[in-house]
Amino acid sequence: MVSVCFYFQVHQPYRLGKYSIFDIGNNGGYFNDVKNAEILQKVSKKCYLPTNKLILDLINETDGRFRVSYSITGVALDQFEEYAPEVIESFQRLVDTGYVELLDETYYHSLAFLYSEKEFKEQVKLHRKKMKEIFGYKPRVFRNTELVYNNRVAYLAEKMGYKGTLAEGADYILGWRSPNFVYKAKMATDIRLLLKNYRLSDDIAFRFSERGWEGWPLTADKFATWVNSINGNGNVVNLFMDYETFGEHQWEDTGIFNFLRHLPHEILKHPDNDFKTPTEVIKAYKPVAELDIRNVVSWADIERDLSAWLGNQMQKSAIEKLYELETIVKESGDEKLLEDWRRLQTADHFYYMCTKWFNDGDVHKYFNVYDRPHDSFIAFMNTLTDFRIRLKETIPMSG
Amino acid sequence: MDSNHNHNIKVLMFGWEFPPFNSGGLGVACYGLTKGLTRQGVGVIFVLPRIAGTLNEEYMRILAADKFGLDKDKIKFKTVDSILKPYMSSKSYISEKSGLEGFLQEARGIYGSDLFSEVRRYSKYAKIVASEEEFNIIHCHDWLTYPAGITAKNITRQMGKNVPLIVHVHATEFDRTGGNPNQYVYDLEREGMHVADSIVTVSNYTKSIVVRHYGVDPRKVHVIHNSIDFEESRIDEKFRIKDHHKIVLFLGRMTIQKGPDHFLWIAKKISEIDDDVRFIMVGSGDMFSYIVEEAANLGIGDKVLFSDFLNGREVDRAYKMADVYVMSSISEPFGITPLEAIKNGTPVVISKQSGISEILRNCLVVDFWDTNLMATRILDVLNNEELRDSLAKKGLNEIRNFSWDQPAMKCIDLYKKAISGGI
């Protein structure tokens, strides 16, 4: 028996505008509303709306035998509400089928786990609240931003009542073990760990249109045979990827939609296969072992560590200076300040400052709204300088 | 001086940039000098390269605009299409990350593949101009134009006239490279200086470099300091950042010559003493990325704020916003920026290794390498209101009478001597 478990990440950051030295102190808007609206509407049209419709059709065609899970960030939902409410409706229709599971994460798609557990928990709670508001849904599985994970994530997630959490199935944490089983997490008693099968996931997310790759062109039946081959030495194939894979990272003309349209049927052709959502996987399969993951792992780049966000001193100094302000931001009691501070925590801002230009640097460049990583650092620090002035004006004694 | 006496002087001038087509001080200086000369009745034929892809008519339209305040009967522009910008090292010519990058790549097929073949190409054009135009002095600005000047002089010799050549040294390869000259550039500079009938340097400081490093007879070298045409600052603006932070400004290309790294070290020292000071660095250049990263490395990533190259009014706003302007150059032949700062009411702390420190009295002067003393002097200005006001006020009075007529007249004297064979 092999269960295919899809989890799609839906996220759009509030991108910063160019905050010039002359703007500092003018308490201007930090985020490029025009560009954010433009990108959101573009991606909605290319990806979210058509893919949601396709997934809905597939669920209906298979009477729910095809099923998927999503994690949608709070900042993405906020922007949908503002710029593309029809996307919210289409997600609601999916959730209403009963075959779609929603996961929780940090509302602001932040790296708060690494800097402040207090802030981390608050953001998870905010996300939980948003799920209830928009979807009337209570997630039972947690995934941390960019699959940032170590034992402590499992521990905290369990404390917050989650039954499972997701992580990258990186070779250096698994060793000889396979990602195709359910695991227990060290330091937690009951929470289950689902690990991304990065080979098969990345075949779709990154290599799908790569003509130099031996798997190209990737068809649904070919992919299904790869999944079938796991039969007998695994329970579950966790296919975790950015939802923007469909139509945005892989454009429509690559055949990605066609692939997705046929995949459920091809997978289900094998009588031993099915689709499960994370909660169903946890219920169906017993853990085979306990994983002790002390160093932080993530799903980014070939390193699968934090170097995409915290690999250079610009990134570190930007994020450290931001989190330094937590206590005083919260003491200010100023909702607008708190909201801006949290939007500045979104991991993308630090990703844009990445200077690893080789291999994965290409991927970074694709996602980067700035010409140079230094420009994004400059925009961030100018904004932060203004933000600190606002803080100071709100709490005159804070220094 | 009665400008009518100068009508018989016609200068064939070779330059590399001219506002608004400039990236730094060379264009400003050429413009100023041309303005001064034409005001004194001298005729100038100004030859400059034109960035590939722009039309000659477009250039001419912009250059002919009234805002330049140039006497149209006295100035004539000739452009040659090129993809060069001044201040480029051969290396940065190839790698420079700028808006020009795209067409640089495209243009490489059409034009020479490096800086030096561009220089040769430009000097070939000089042949055409020199045989078409009427002039009795050749004046060229910095090494890129020396081959053109020499070519022009040779043409006149063939025509039996032997027009005198003056090379004007705004910067040497030693200044630009922090003492690690490119041999090819050095050779071109040296040849220009030796072939020239007379050499102008923008300071005594530069004269000493020319004499020391290029084996030139000091009697052949004439110091003519740059200037500005003083006008009141156009900026009257309150900056809210000033309610919270004192501002120390760096403004210049981020290249080794300007000492942006020294500025960072100074910033680090000051930050350790006063946490509320902010340092603004304006400019781009081959050290830009390094400097931004180094600010973060030094732990002052939140204290040092950056801005790309600003133009015109924004430059004045930056000066106006600052409490003190720092010129940290490790070798600055002249250095016009302190005058711009003072014009905007901002006191200056400047490197002793500069030409401007020879003529400006109301400023604080420190050896560029003495970052401790630099930091102390800057803090003095920031914390001592009396000192700050006095430097600003007296500085403003001092430069009020500055004008490009002064250097222009010195040039004219030199022209006259050269034409009469007196040098």
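**Figure 1. Where chain B meets chain A.** Start with the meeting of the two chains: 28 residues of chain B are in contact with 25 residues of chain A. Keep in mind that this is a predicted model. Together the two chains bury about 2,400 Å², with 60% of that on carbon and sulfur atoms. On the chain B side, the residues that lose the most area to chain A are Arg240(B), His244(B) and Asp302(B), which together make up 24% of what that side buries.

**Figure 2. A closer look at the links between the chains.** How many salt bridges are there between chain B and chain A? The count is five. Arg240(B) forms a salt bridge with Glu393(A), and the closest N and O atoms there are 3.3 Å apart. Polar contacts between chain B and chain A, with both residues at pLDDT 80 or more, come to five residue pairs. On the side of chain B that touches chain A, at least two residues each come from strand E9 (277–282), H11, E10 and helix H12 (312–321) of chain B. Which of these gives the most? That would be H11(B), with six residues.

**Figure 3. Two tyrosines stacked in chain B.** Counted over all chains, the model has 48 aromatic pairs. Take Tyr186(B) and Tyr214(B): their ring centres are 4.8 Å apart and their planes sit at 25 degrees, so this pair is stacked. Tyr186(B) belongs to helix H8 (residues 183–195) of chain B and Tyr214(B) to helix H9 (residues 204–214) of chain B, so the pair ties together parts that are 28 residues apart in sequence. Are these two tyrosines buried or exposed? Tyr186(B) has 14% relative accessibility and counts as buried, and Tyr214(B), at 0%, counts as buried too.

**Figure 4. Two phenylalanines meeting edge-to-face in chain B.** Here Phe288(B) and Phe306(B) form an aromatic pair, edge-to-face, with 6.2 Å from centre to centre and 75 degrees between the planes. Phe288(B) lies in helix H11 (residues 288–297) of chain B, while Phe306(B) lies in strand E10 (residues 304–307) of chain B, so the pair ties together parts 18 residues apart in sequence. Phe288(B) counts as buried, at 2% relative accessibility. Phe306(B) counts as buried as well, also at 2%.

**Figure 5. Charges over ring faces, one view per chain.** In chain A, look for Arg343(A), which lies over the face of Phe31(A) at 5.5 Å from the ring centre. In chain B, Lys161(B) lies over the face of Phe135(B), and here the distance from the ring centre is 5.9 Å.

**Figure 6. An aromatic cluster in chain A, and a methionine that touches part of it.** One aromatic cluster takes in Phe6(A), Phe8(A), Tyr48(A), Phe66(A), Tyr70(A), Phe80(A), Phe91(A), Tyr243(A), Phe246(A) and Phe275(A). Met241(A) sits in strand E8 (residues 236–242) of chain A and is buried, with a relative accessible area of 1%. Leaving aside residues up to four places away in sequence, Met241(A) touches several residues, among them Phe6(A), Phe8(A), Phe246(A) and Trp299(A). How far apart are the C-alpha atoms of Met241(A) and Phe8(A)? They are separated by 5.2 Å, though the two residues are 233 residues apart along the chain.

**Figure 7. The loop between E10 and H12 of chain A.** Asp301(A) is in the loop between strand E10 (289–291) and helix H12 (307–310) of chain A. With 12% relative accessibility, Asp301(A) counts as buried. Its side chain makes a polar contact with the side chain of Lys356(A), at 2.8 Å. Arg304(A) is also in the loop between E10 and H12 of chain A. Arg304(A) has a positive phi of about 50 degrees, although it is not a glycine. At 13% relative accessibility, Arg304(A) counts as buried.

Figure 8. Glu146(A) lies in the loop between strand E4 (141–142) and helix H6 (151–159) of chain A. Its phi is positive, about 55 degrees, although Glu146(A) is not a glycine, and at 15% relative accessibility this residue counts as buried. What kind of peptide bond joins Trp216(A) and Pro217(A)? It's a cis one, with omega about -5 degrees. Pro217(A) is in the loop between helix H8 (198–205) and helix H9 (220–228) of chain A.

Notes: Residues are numbered from 1 along each chain as its sequence is written. Chains are lettered from A and ligands numbered from 1 in the order in which they are written. This is a predicted model: local features need pLDDT of at least 70, side-chain atom pairs count only at pLDDT 80 or more; totals for chains, interfaces and linings use all residues. Side-chain values use heavy atoms; hydrogens and water are left out. Rings of Phe, Tyr and Trp (its six-membered ring) pair if their centres lie within 6.5 Å; planes under 30 degrees apart count as stacked, over 60 as edge-to-face and the rest as tilted. Helices (H or I, at least four residues) and strands (E, at least two) are DSSP runs, numbered from the N terminus. Buried means under 20% relative accessible area, exposed over 50%, partly exposed in between (1.4 Å probe, protein chains only). A charge sits over a ring if NZ of Lys or CZ of Arg is within 6 Å of the ring centre and within 35 degrees of the ring normal. Contact means heavy atoms within 4.5 Å. Buried area is the accessible area (1.4 Å probe) that two parts lose on being put together, summed over both. A salt bridge is a side-chain nitrogen of Lys or Arg within 4 Å of a carboxyl oxygen of Asp or Glu. A polar contact is a pair of N or O atoms within 3.5 Å; within protein, one must be able to donate a hydrogen and the other to accept it, and residues adjacent in sequence count only if both atoms are side-chain atoms.
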